[in-house]
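Hi everyone, thanks for making time today.

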Amino acid sequence: MSKGIHLILLGAPGVGKGTQSALLKDKLSAAHVSTGEILRAAVRNGTEMGLSAKTFMDKGELVPDSVILGIIKDTLSDSSFPDNWMMDGFPRNLAQAEAFNQLLSDIDQSLTVVLNIAVPFELLMERLTLRRTCRKTGQVFNLKLNPPPEDGDFDLFQRADDTEEAVNKRLSVYDEQTKPLIEYYSSKGLLANINGDQPMDDVLKEILTTIDKFQ
Ligand code: AMP
């Protein structure tokens, strides 16, 4: 079995998976694989995959599994892909989780731990609709909870799927399709719950302690 730290960051949209991945990336020298980011880059670049994915993304629906699994296969089979990695936003349903298991066993890898970041559901709408990203740096802020420094030079925009309508859809898609993965990974002894409703440095500490326990 190959070495390395192999993580899945699970949790509803807005719990802080992206924020924590950015912090963990440096701490663990790990690759951060965000299927959402990969798709948004494809949309920006106007590729065929991006154009077909955009219609699903803007509505808050899941992009077809075949597209997502293609992205994951390509990523993992890249010879320069590092030993340590974390999946942010993948898998998103049971079919993806099953296919991922098979893929990992084919390449002789296994998961270290699945981090289930939990935040009370009623806080997520505000976290998402007030979320803004800087065009120049890619930094993600929240206008109320984590506003950009006043003296900074930021060019903020709102993600197309952070509108109230799309967020409602994304939260119900999470509830129906992604939430069952908590039970799925729990039954495999791989799940750890993380309290996402605390300052981001404290969330990070809890995650690092948890990874230590599972290694
Ligand atoms: P995210 O940035 O993870 O919230 O993803 C943004 C959007 O990209 C989602 O609402 C989906 O439309 C799409 N997406 C990202 N990851 C996946 C996935 N694993 N399966 C299906 N669709 C995905």
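Let's begin at Pro91, which sits in the loop between strand 3 (85-88) and helix 5. Please keep in mind that this is a predicted model. What is the peptide bond from Phe90 to Pro91, cis or trans? The bond is cis, and its omega is near -5 degrees.

The loop between helix 1 (17-28) and strand 2 (31-34) holds Ser29. Ser29 is not a glycine, yet its phi is positive, near 45 degrees. Ser29 is also exposed, since its relative accessible area is 57%, and the cut-off for exposed is over 50%.

The other spot is Asp108, in the loop between helix 5 and strand 4 (113-118). Here too phi is positive in a residue other than glycine, with a value near 60 degrees. Asp108 has a relative accessible area of 40%, so we call this residue partly exposed.

Now please turn to helix 5 itself, residues 94-106, and to helix 4, residues 65-77. How do these helices pack, and how far apart are their axes? The angle between helix 4 and helix 5 is about 25 degrees, and the axes are 11 Å apart. That angle is why we describe helix 4 as roughly parallel to helix 5; the cut-off there is under 35 degrees. The crossing of helix 4 with helix 5 is right-handed.

Who touches whom? From helix 4 we have Asp65, Ile68, Leu69, Ile72, Lys73 and Leu76, and they meet Ala95, Gln96, Ala99, Phe100, Leu103 and Leu104 of helix 5. Sorted by class, this contact between helix 4 and helix 5 has nine nonpolar residues, one polar and two charged.

My last stop is Asp161, in the loop between strand 7 (156-157) and helix 7 (164-178). Is Asp161 buried or exposed? With a relative accessible area of 9%, Asp161 is buried, the cut-off being under 20%. And what does the side chain of Asp161 make a polar contact with? Its partner is the side chain of Arg159, at 3.0 Å. If we set aside neighbours within four places in sequence, Asp161 is in contact with Met57, Ala166, Val167 and Arg170.

Terms used:
Residues numbered from 1 in each chain as written. Predicted model: local features only at pLDDT ≥ 70, side-chain atom pairs only at ≥ 80, totals over all residues. Heavy atoms only, no water. Axes fitted to C-alpha atoms, helices over the stretch in contact; angles between N-to-C directions. Helix = DSSP H or I, 4+ residues; strand = E, 2+ residues; numbered from the N terminus. Parallel < 35°, antiparallel > 145°, perpendicular 65-115°, else oblique. Left-handed = near helix turned anticlockwise from the far one by under 90°. Contact = heavy atoms within 4.5 Å. Nonpolar A, V, L, I, M, F, W, Y, C, P; charged D, E, K, R; others polar. Buried < 20%, exposed > 50% of the residue type's maximum accessible area, 1.4 Å probe, protein only. Polar contact = N/O pair within 3.5 Å; in protein donor to acceptor, adjacent residues only side chain to side chain.
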